[in-house]
Amino acid sequence: MELIKNFPHKIKEILHTKIPMPDGCKLAARIWMPDGAEDAPVPAILEYLPYRKNDVTAARDASMQPYLAGHGYAVIRLDLRGAGDSEGLMVDEYLPQELQDGCDAIAWIADQPWCDGNVGMIGISWGGFNGLQIAALQPPALKAVVTLCSTDDRYADDVHYMGGCLLGEQLSWASIMFGRNTLPPDPANVGDKWRDMWLERLEGSGLWLKNWLEHQRRDAFWQHGSICEDWSKVQVPVYAVSGWADGYPRSVFRLMEHLQGPKKGLVGPWAHRYPHIGEPGPAIGFLQEELRWWDQWLKGHETGIMDEPMLRLYIQDSVPPQGHYKARPGRWIAEPSWPSPHVVRTLLHLTPQGGLSKARPEGSGILNYHSPADVGMASGKWCGYAKPGDAPVDQRREDAGSLCFELEIPEEGLAFAGDANVHLRLSVDRPVAQVAARLVDVHPDGRGTRLSFGVFNLNHLRGHDRPTLLVPGKVYDVTIPMKHVAQALPAGHRLRLALSSSYFPMIWPAPEPVTLSVHTEGSALELPLRPSAALDDTLAEFEVPAAGSPLPTEQIAEPESWFRIVEDAANGEIQMQIADGCGFTRLLPNDITLHKQGYETYGVRLDDVTTAWGRTEWHFGLSRYDWSVRTETRTLLRTDAIDFIITAELRAWEGDTLVAEKQWEERIPRDHM
């Protein structure tokens, strides 16, 4: 990482200011801009998040925002209504009020004397989501968007549901926001009213997990904010970015296929991170790449960025399985469009003997399988953050509990890029069932590295908006879409397709144990084979990663951090156990100490997949001198044959005084899930 201290423009920083909304609510912002911008207005770039500009994102912001400000932009970090130092309540994600506030903030920014009237939006994850959503509302001053690790489809491709199955990540993410929502504004910025604002949040933010579980099918709740409902509404240029270890690479391909305006896509090997700090590496000079985009679309400078291939992908080489990679070997490839003219979609037929064959096999077979409950414990996280342990580990135990089909890699090797699909003819013995499919790189010594996966709720065959019960024994034709990936495999390895009837804790199990009956005749793996192309050789190297000076901090106490798969042989239970946080970190410029520590545990009995449960716990705290607050939140998710069952609690202290305590006991009926 190259740390840049001297920029073309001297930077002026406004640590805290208020942006008024039409209804009187004031949102809190931090602004960096070139010194003298009031006399020589510049374009502005907005990042709009609920993650607290004063503390949670302060260190990250210090390394990023001054870079753009130093190159001639005003950069605004805006906290959502009800988050950080902003007034109001935040009761869920991407609500109409949030998006309207974003439009009103853009209008305010464009009207400031230091702004020339041109505004861009950038964001990763939440900020990537609302950047696309606000672009679809077409505020006049918004001229371009950079969206990272985001989605165009809130139901089918977010932390909530995948293939119509409930993701374990929904509990994880709901619990993180449950904890973050308990934090108060900073008295140094909002004054004595901080306590009233805090108590309002503690009372009114709600239990988001309940909100999300009440919408288990693709209804209007999820259609709102999903720009795939009408692509034509996004008319500004969009640069979409993700990574293979991230939860959101699929959206980049849909955006490149469907957006009608100028667009670019980039997918690297990274987890849920900005690419200049991308891990697994190689990280790239993304701030420089971003600057080229803004110069093109906000300043009108011809940077050449639109003359380059529309989509750039990192094709990964084979690596042994492990729970964390600092870097992935591979190379960059180029696509002029998506779908790609370079990709040859090829059927590999399932054979009764467990093979994958380009030739349609003679004969047919029916293969019956019921997966044990531990299949899924080696899956890692749905959305990787490059935390040690959150990548999938050796798949041999998973594969031993799955129905497997294999292909020997030919002498010339095998490479594919895009979305594989699994086409199955199958029947089940229960009215509610699911299937998981994994692509595994089997090494010569037998180790297995997961390359991609897909899951599907078989009750959603008619669509995610109209689930129906299955008829046991009836044969259905099913297509399971898999996560996009670009991967090269060498000779001597095998490509394995593994099918299972459960995949916990990646997805929540069906209400009864299920046996799958796969009819090999009519079943196939559709693989997007991708040979080398001449266009690949035209790609220029990315610049080395660069950033501004880091924020001075003091690490007072280290966090607890682990990612364990633990089997209790005495009681017949297996668990995934996770600890993560920042410990106690003092931010020296504002002298605030942030504490953040979380725990997640997912467990299931080995003899009964329906005993699955998930438990989360988060501890947050803020302190400065004699002011201190801390909160604890806990959530337990269980099921029976009829309901999802939530038990949750919140406690908050000012100093040693307990100021709030709430409990929830909720039952939400299972909706064909």
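**Close-up views: pockets, cavities, a helix and some cysteines**

**View 1. The second largest pocket and its lining.** The second largest pocket has 20 residues around it, and those nearest its centre are Arg254, Glu257, Asp419, Pro481 and His484. Two elements, α9 (249-258) and β21 (448-457), each give two or more residues to the lining of this pocket. Of these, α9 gives the most, with five residues. By class, the lining of the second largest pocket has 10 nonpolar, five polar and five charged residues. The space in the second largest pocket comes to about 370 Å³.

A few words on terms before moving on. This is a predicted model, in which local features need pLDDT of at least 70 and side-chain atom pairs count only at pLDDT 80 or more, while totals for chains, interfaces and linings use all residues. Residues are numbered from 1 along each chain as its sequence is written, and side-chain values use heavy atoms, with hydrogens and water left out. On a 1 Å grid over the protein atoms alone, a pocket is an open set of points with protein on both sides within 12 Å along at least five of seven lines, a cavity is a set where a 1.4 Å probe fits but cannot get out, and lining residues have an atom within 4 Å of a point. Grid points are joined across faces, edges and corners, and a volume is the space filled by probe spheres set on the points. Nonpolar covers Ala, Val, Leu, Ile, Met, Phe, Trp, Tyr, Cys and Pro; charged covers Asp, Glu, Lys and Arg; the others, Gly among them, are polar. Helices (H or I, at least four residues) and strands (E, at least two) are DSSP runs, numbered from the N terminus.

**View 2. The largest cavity.** By this rule there are eight cavities of 30 Å³ or more, and the largest has a volume of about 420 Å³. Its lining takes in 28 residues, with Trp244, Ala245, Ala391, Pro392 and Arg450 nearest the centre. β21 and β23 (485-489) are the elements that give two or more residues to that lining. The largest share, five residues, comes from β21. Sorted by class, the lining of the largest cavity has 13 nonpolar, nine polar and six charged residues.

**View 3. The second largest cavity.** Here the space is about 80 Å³. The lining includes Gly168, Glu169, Trp382, Met506 and Tyr602. Its residues divide into five nonpolar, three polar and two charged.

**View 4. Helix α1, mostly covered.** Helix α1 (residues 58-69) has 12 residues and reaches 16 Å from its first C-alpha to its last, close to the expected 16 Å (1.5 Å times one less than the number of residues). Of those 12 residues, 10 are buried, meaning under 20% relative accessible area, where exposed is over 50% and partly exposed lies in between (1.4 Å probe, protein chains only). Among the buried ones are Met64, Tyr67 and Leu68.

**View 5. Glu200 and its contacts.** Glu200 sits in helix α6 (residues 194-204) and is partly exposed, at 39% relative accessible area. Leaving aside neighbours within four places in sequence, Glu200 is in contact with Gly88, Leu89 and Ser205 (heavy atoms within 4.5 Å).

**View 6. Cysteines without a partner.** The structure holds zero disulfides, a disulfide being a pair of cysteine sulfur atoms within 2.5 Å. For Cys149, the nearest cysteine sulfur is that of Cys383, 6.9 Å away. Cys149 is also buried, with a relative accessible area of 1%. The sulfur of Cys228 is too far for a bond, because the closest cysteine sulfur, in Cys165, is 18 Å away.
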